[in-house]
Amino acid sequence: MASTKALGTIVFLLTLNLLFFSLVSATPKATCPKDALKLGVCANLLNDLVHGVVVGSPPKTPCCTLIEGLVDLEAAVCLCTAIKANVLGINLNVPVSLSLLVNYCGKGVPSGFQCA
């Protein structure tokens, strides 16, 4: 009789473990809450940042306005999506371009974030 109780307890705990791990692994990854195609306006800003502007600094709008209300991770994911989808229309070094855009718009690339 004691072994039946122990077996029941083990089955119950294993079921809870499976339920817990399936919920954790089902958590969605960060996605861009913006339309990535709209981020194509960041191409001019990035081009100015990469090639340097002789007089003054490049305008932050409309690119920075699009990611203004986002937290750092969301902004990085959105710009990463735009760069990887090549909606900016130029071939880029992804990590450098991402850092340039995110930092220029007053955000930061989260530690350990990789644009994959």
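The torsion about the S-S bond of Cys64 and Cys105 is about -75°, so this disulfide is left-handed; a disulfide here is a pair of cysteine sulfur atoms within 2.5 Å. The pair connects distant parts of the chain, with Cys64 in helix H3 and Cys105 in the segment after H5, 41 residues apart. Cys64 and Cys105 are both buried, where buried means under 20% relative accessible area, exposed means over 50% and partly exposed lies in between (1.4 Å probe, protein chains only).

The model is predicted: local features need pLDDT of at least 70 and side-chain atom pairs count only at pLDDT 80 or more, while totals for chains, interfaces and linings use all residues. Residues are numbered from 1 along each chain as its sequence is written, and side-chain values use heavy atoms, with hydrogens and water left out.

**Disulfides**

The structure holds three disulfides. Their sulfur distances are listed below.

| Disulfide | S to S distance |
|---|---|
| Cys42 and Cys63 | 1.9 Å |
| Cys64 and Cys105 | 2.0 Å |
| Cys80 and Cys115 | 1.8 Å |

The link of Cys42 and Cys63 is right-handed, with 95° about the S-S bond. Cys42 lies in helix H2 and Cys63 in helix H3, so this pair ties together parts that are 21 residues apart in sequence. Helices (H or I, at least four residues) are DSSP runs, numbered from the N terminus, as are strands (E, at least two). Both cysteines of this pair, Cys42 and Cys63, are buried.

The link of Cys80 and Cys115 is also right-handed, with 95° about the S-S bond. This pair joins distant parts of the chain: Cys80 is in helix H4 and Cys115 in the segment after H5, 35 residues apart. Cys80 and Cys115 are both buried.

Helix H2 spans residues 42-51, and its buried residues are Cys42, Ala43, Leu45 and Leu46. Seen down the axis of H2, these residues fall within an arc of 160°, so they line one face of the helix; the arc is that of the directions from the helix axis to the C-beta atoms. Asn44 and His51, on the other side of H2, are exposed. The cover over the buried residues of H2 includes helix H3 (63-67), helix H4 (72-84) and helix H5 (94-104), with contact meaning heavy atoms within 4.5 Å.

In H5, the buried residues are Val94, Ser97, Leu98, Leu101, Val102 and Tyr104. Their cover includes H2, H3 and H4. Just after H5, Gly106 adopts a positive phi of about 80°.

**Lys107**

Lys107 is located in the segment after H5. This lysine is buried yet has no salt bridge, and Asp72, the nearest side chain of opposite charge, is 5.0 Å away. A salt bridge is a side-chain nitrogen of Lys or Arg within 4 Å of a carboxyl oxygen of Asp or Glu; Lys and Arg count as positive and Asp and Glu as negative, whereas His and the chain ends are not counted.

The side chain of Lys107 does reach backbone oxygens: that of Glu68 at 3.0 Å and that of Leu70 at 2.5 Å. Leaving aside residues up to four places away in sequence, Lys107 touches Ile67, Glu68, Leu70, Asp72, Ala75 and Val102. Of these, Val102 is also one of the buried residues of H5.

Technical notes:
Polar contact = N/O pair within 3.5 Å; in protein donor to acceptor, adjacent residues only side chain to side chain.
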